[in-house]
Amino acid sequence: MKIVKKIIGWSIILSSCLAVIYIGGWLLMLKPIYDLCVSISHGNVTIVQIIIAFIKCVFSSSVAWILAYTGSVIGAVIKE
């Protein structure tokens, strides 16, 4: 039973790290910049797109830390 708890705990920690990379890294940091570059290349950039991309990039690190901390705490509690 102890080994099963450790496996579940480590898998939760690992999955939270993957969620941080996907949500904090891709969806909130890189994709808005990519979409803004595509809009610039097509010549139809609006101020709303720029503001939304800026807000997403600013808050991406906060969201990433919250996800990482929450996943690590849940995984550590289950492991013990």
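This note goes through the predicted model above point by point, from the overall fold to single residues.

1. Basis of the model. The structure is a predicted model in which local features need pLDDT of at least 70 and side-chain atom pairs count only at pLDDT 80 or more, while totals for chains, interfaces and linings use all residues. Residues are numbered from 1 along each chain as its sequence is written, and side-chain values use heavy atoms, with hydrogens and water left out.

2. Overall form. The protein has two helices and zero strands; helices (H or I, at least four residues) and strands (E, at least two) are DSSP runs, numbered from the N terminus. Its radius of gyration is 17 Å, well over the 12 Å that the globule rule gives for 80 residues, so the protein is more spread out than a compact globule. This radius is taken over C-alpha atoms, and the globule rule is 2.2 Å times the number of residues to the power 0.38. Along the principal axes, the C-alpha atoms fill a box of roughly 60 × 20 × 10 Å.

3. Surface and contacts. Of the 80 residues, 18% count as buried (under 20% relative accessible area; exposed is over 50% and partly exposed lies in between, with a 1.4 Å probe and protein chains only). The protein exposes about 5,900 Å², of which carbon and sulfur atoms supply 79%; the areas come from the Shrake-Rupley method with a 1.4 Å probe. Among contacts (heavy atoms within 4.5 Å) between residues at least 6 apart in sequence, 83% join residues at least 24 apart.

4. Helix 1. The 41 residues of helix 1 should span 60 Å at 1.5 Å a residue, and the distance of 57 Å between its end C-alpha atoms agrees; the expected span is 1.5 Å times one less than the number of residues. A kink of about 40° is centred on Trp 26, the bend being the angle between axes fitted to the seven residues ending at a residue and the seven starting there. Just after this helix, Gly 43 takes a positive phi of about 80°.

5. Helix 2. This helix covers residues 47-79, and its 33 residues should span 48 Å; the end C-alpha atoms are 47 Å apart, which agrees. Helix 2 bends by about 35° at Phe 59.

6. Packing between the helices. The buried residues of helix 1 include Gly 24, Leu 28 and Pro 32, and their cover includes helix 2. In helix 2, the buried residues are Ala 53, Cys 57, Ser 60, Ala 64, Gly 71 and Gly 75, and these pack against helix 1.

7. Ser 60 and Leu 28. Ser 60 counts as buried because its relative accessibility is 2%. Not counting residues up to four places away in sequence, Ser 60 touches Gly 24, Leu 28 and Met 29. The C-alpha atoms of Leu 28 and Ser 60 are separated by 5.2 Å, although the two residues are 32 apart along the chain. Beyond its neighbours within four places, the contacts of Leu 28 include Lys 56, Cys 57 and Val 63.

8. Leu 30. This residue of helix 1 counts as partly exposed, at 48% relative accessibility. Leu 30 and Ala 53 are 9.4 Å apart, C-alpha to C-alpha, and 23 residues apart in sequence.

9. Cysteines. The count of disulfides (pairs of cysteine sulfur atoms within 2.5 Å) comes to zero. For Cys 57, the nearest cysteine sulfur is that of Cys 37, 10 Å away. Cys 17 is partly exposed, with a relative accessibility of 38%.
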